[in-house]
Amino acid sequence: MGAWTVPYGIAIALLAAAGIAKVREPRDTVGALARSGLVVPAVAVRGLAAFEVGLAVAALATGSRTGAALVGLSYLVFTVFVVQARVRHLPVGSCGCFGRLETPPSAWHVLVNLGDRKSTRLNSSHQIISYA
């Protein structure tokens with residue numbers, strides 16, 4: 001077990017928790033996306049959120065490098081969204097990460113996303129979690 005195993009596990013857990021929250025209540029995510037210029041219906045947000053949950057479960061269950069790379073890609077997308085919202089000073093009251101919670105995009109989001117991205121990148125390179 002490497003030094004990045006726990007952060008990688010946390011990244012997977014956060015991805016799953018955020019996905020579950022958005023499946024249950026996509027409204028804030030729909031709103032955050034709309035304020036950034038992307039009109040996405042709630043059913044599509046729920047579908048992508050379900051994919052997030054499935055990806056997290058698959059990455060944890062298999063410990064594969066591909067799963068880690070895909071989890072890392074999702075965090076890279078989240079980081080890009082938060083950075084563009086902050087740079088453009090968008091009136092986003094919630095990033096939509098966890099459904100209805102009021103969590104405005106902040107520098108903290110960027111740091112967490114980049115840290116999660118780093119842990120997934122290391123796992124995809126070095127197979128931190130191995131079930132063999």
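A crossing is called left-handed if the near helix is turned anticlockwise from the far one by less than a right angle, and right-handed if clockwise. Helices (H or I, at least four residues) and strands (E, at least two) are DSSP runs, numbered from the N terminus.

The model is a predicted one, in which local features need pLDDT of at least 70 and side-chain atom pairs count only at pLDDT 80 or more, while totals for chains, interfaces and linings use all residues. Residues are numbered from 1 along each chain as its sequence is written, and side-chain values use heavy atoms, with hydrogens and water left out.

1. H3 against H4. By the above definition, H3 passes H4 in a left-handed crossing. The two axes lie 9 Å apart, and the helices pack at an angle of about 140°. Here axes are lines fitted to C-alpha atoms, for helices over the stretch in contact, and angles run from 0 to 180 degrees between N-to-C directions. From H3, the residues Glu52, Leu55 and Ala59 take part, and from H4, Gly67, Leu70, Val71 and Phe78; contact means heavy atoms within 4.5 Å. Five of the residues in this contact are nonpolar, one is polar and one is charged. In this scheme Ala, Val, Leu, Ile, Met, Phe, Trp, Tyr, Cys and Pro count as nonpolar, Asp, Glu, Lys and Arg as charged, and the others, Gly among them, as polar.

2. H1 against H4. The crossing of H1 (residues 5-24) with H4 (residues 65-87) has an angle of roughly 65°, and the axes come within 11 Å. This crossing, too, is left-handed. Tyr8, Ala11, Leu14 and Leu15 of H1 meet Gly67, Ala68, Val71, Ser74, Tyr75 and Phe78 of H4. The contact comprises eight nonpolar and two polar residues, with no charged ones.

3. Length and burial of H1. The end C-alpha atoms of H1 are 29 Å apart, which agrees with the 28 Å that its 20 residues should span at 1.5 Å a residue; the expected span is 1.5 Å times one less than the number of residues. Among the buried residues of H1 are Tyr8, Ala11, Leu15 and Lys22. Buried means under 20% relative accessible area, exposed over 50%, and partly exposed in between (1.4 Å probe, protein chains only).

4. Salt bridges. How many salt bridges are there, if a side-chain nitrogen of Lys or Arg must lie within 4 Å of a carboxyl oxygen of Asp or Glu? The count is two. In one, the closest N and O atoms of Lys22 and Glu52 are 2.8 Å apart. Lys22 lies in H1 and Glu52 in H3 (residues 42-62), so this pair ties together parts that are 30 residues apart in sequence. Both residues, Lys22 and Glu52, are buried. Arg27 and Glu25 form a salt bridge at 3.7 Å, N to O. Arg27 is partly exposed at 49% relative accessibility, and Glu25 is partly exposed at 22%.

5. In H2 (residues 27-35), the buried residues are Asp28, Thr29, Gly31, Ala32 and Leu33, and they pack against H1, H3 and H4. Gly37, which follows H2, has a positive phi, near 100°. Leu90, in the loop between H4 and H5 (107-126), is buried, with a relative accessible area of 18%. The C-alpha atoms of Leu90 and Ala32 are separated by 9.0 Å, although the two residues are 58 residues apart along the chain. Leaving aside neighbours within four places in sequence, Leu90 is in contact with Arg35, Ser36, Gln84 and Ala85.
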